[in-house]
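Colleague: I'm new to this one. Can you walk me through it?

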Amino acid sequence: MRLALTKARKISVGEPDALVIGSDQVASFKGNTLGKPKSYEEAFKTIMAFSNGEVIFYTGVAIIHKNKGLSLIHI
């Protein structure tokens with residue numbers, strides 16, 4: 001949620017009359033938060049570990065209209 005809002009705010013500074021949408025996502029597998037893989041090999045191992053499992057994605061979304069004072073956040 002924090003990163004989604006930060007992204008939307010950054011863009012809205014340069015586009016104060018636009019409706020700006022920011023989002024960010026984190027994945028969880030077996031209760032562990034997944035980071036971005038550092039290499040192809042690490043990505044491949046991670047994907048193979050998902051076999052017969054469930055990956056949950058949590059997405060935060062922020063909508064801002066700077067000139068109208070609008071700021072909405074949703075998880």
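Modeller: Exposed means over 50% relative accessible area, buried under 20%, partly exposed in between (1.4 Å probe, protein chains only). This is a predicted model, where local features need pLDDT of at least 70, side-chain atom pairs pLDDT 80 or more, and totals for chains, interfaces and linings use all residues. Residues count from 1 along each chain as its sequence is written, and side-chain values use heavy atoms, without hydrogens or water.

Colleague: And F44, why is it called partly exposed?

Modeller: Because its relative accessible area is 45%.

Colleague: Where do Y40 and F44 sit?

Modeller: Both are in helix α2, residues 40-49. They are 4 residues apart, about one turn of the helix. Helices are DSSP runs (H or I, at least four residues), strands too (E, at least two), numbered from the N terminus.

Colleague: How many aromatic pairs are there?

Modeller: The structure has 2. In one of them, the ring centres of Y40 and F44 are 6.3 Å apart and the planes meet at 25°, so the pair is stacked. Pairing takes Phe, Tyr or Trp (six-membered ring) centres within 6.5 Å; under 30 degrees is stacked, over 60 edge-to-face, the rest tilted.

Colleague: New topic. Which residues of α1 are buried?

Modeller: In α1, residues 2-14, A4, L5, A8 and S12 are buried. They fall within an arc of 90° seen down the axis, so they line one face. The arc uses directions from the axis to the C-beta atoms.

Colleague: What's on the other side?

Modeller: R2, K10, V13 and G14, which are exposed.

Colleague: And what covers the buried ones?

Modeller: The cover includes β1 (20-29), β3 (55-65) and β4. Contact means heavy atoms within 4.5 Å.
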